Amino acid sequence: MDGHAGYAEPGKDIVCAAVTALVQTMVYGIKALTEDKPEYTASPGKFELEIKDLSEKSKTLVDSFLLAFVR
């Protein structure tokens, strides 16, 4: 993910905060509930995640995360 939502100025944008919460929940879920080892970097306005050979549990967590953006 890259950029800001533009709803408000960076640091006060509730849309960006919501996306950040969803991303963190997905990553923490993958780390806590699977044997997968996600590699990620996070900085203001940017998040990169790499997971090789996703387990079925991780696929479900990623699919759940993506549902927030297609509805």
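A salt bridge is a side-chain nitrogen of Lys or Arg within 4 Å of a carboxyl oxygen of Asp or Glu. The model shown is predicted, so local features need pLDDT of at least 70 and side-chain atom pairs count only at pLDDT 80 or more, while totals for chains, interfaces and linings use all residues. Residues are numbered from 1 along each chain as its sequence is written, and side-chain values use heavy atoms, with hydrogens and water left out.

**View 1. Salt bridge between Glu-48 and Lys-46.**
The closest N and O atoms of Glu-48 and Lys-46 are 3.4 Å apart. Relative accessible area sorts residues into buried (under 20%), exposed (over 50%) and partly exposed (in between), using a 1.4 Å probe and protein chains only. Glu-48 is partly exposed because its relative accessibility is 43%. Lys-46 has a relative accessible area of 37%, so Lys-46 is partly exposed too. By the salt-bridge rule, the count comes to three.

**View 2. Salt bridge between Lys-52 and Glu-50.**
Here the closest N and O atoms are 3.7 Å apart. Lys-52 counts as exposed because its relative accessibility is 64%. Glu-50, with a relative accessible area of 41%, is partly exposed.

**View 3. Salt bridge between Lys-59 and Glu-56.**
The N to O distance between these two side chains is 3.3 Å. Lys-59 and Glu-56 are three residues apart in helix α2, so about one helical turn separates them. Helices (H or I, at least four residues) and strands (E, at least two) are DSSP runs, numbered from the N terminus. Lys-59 is partly exposed at 35% relative accessibility, whereas Glu-56 is exposed, with a relative accessible area of 56%.

**View 4. The hairpin of β1 and β2.**
Strand β1 covers residues 39-43, and strand β2 covers residues 46-50. Two strands pair if DSSP finds at least two bridges between them. β1 and β2 run antiparallel and are joined by five bridges. Two residues lie between the strands of the hairpin, and Gly-45 in the turn has a positive phi of about 80°. In a regular strand the side chains alternate between the two faces of the sheet.

**View 5. Glu-39 in strand β1.**
Glu-39 is exposed, because its relative accessible area is 56%. Contact means heavy atoms within 4.5 Å. Not counting residues up to four places away in sequence, Glu-39 touches Glu-48, Leu-49 and Glu-50. The C-alpha atoms of Glu-39 and Ile-51 are 6.4 Å apart in space, and the two residues are 12 apart in sequence.

**View 6. Thr-34 in the loop between α1 and β1.**
Helix α1 spans residues 14-33, and the loop that holds Thr-34 leads from α1 to β1. Is Thr-34 buried or exposed? Thr-34 counts as buried because its relative accessibility is 9%. A polar contact is a pair of N or O atoms within 3.5 Å; within protein, one must be able to donate a hydrogen and the other to accept it, and residues adjacent in sequence count only if both atoms are side-chain atoms. A polar atom of the Thr-34 side chain lies 2.5 Å from the backbone oxygen of Ile-30. The backbone nitrogen of Asp-36 lies 3.1 Å from a polar atom of the Thr-34 side chain. Beyond four places away in sequence, Thr-34 touches Gly-29, Ser-55, Lys-57, Ser-58 and Leu-61.

**View 7. The largest nonpolar core.**
A nonpolar core is a set of buried Ala, Val, Leu, Ile, Met, Phe, Trp, Tyr and Cys residues joined through side-chain atoms within 4.5 Å. The largest one has eight residues: Val-23, Met-26, Val-27, Ile-30, Phe-47, Ile-51, Val-62 and Phe-65. The elements that give two or more residues to this core are α1 and α2 (56-70). Its largest share, four residues, comes from α1. Phe-65 touches Met-1, Leu-22, Val-23 and Met-26, leaving aside residues up to four places away in sequence.

**View 8. The chain, with its two helices and two strands.**
Along the sequence, the pattern is α-β-β-α. The C-alpha trace spans about 35 × 25 × 15 Å along its principal axes. Of the 71 residues in the chain, 21% are buried.
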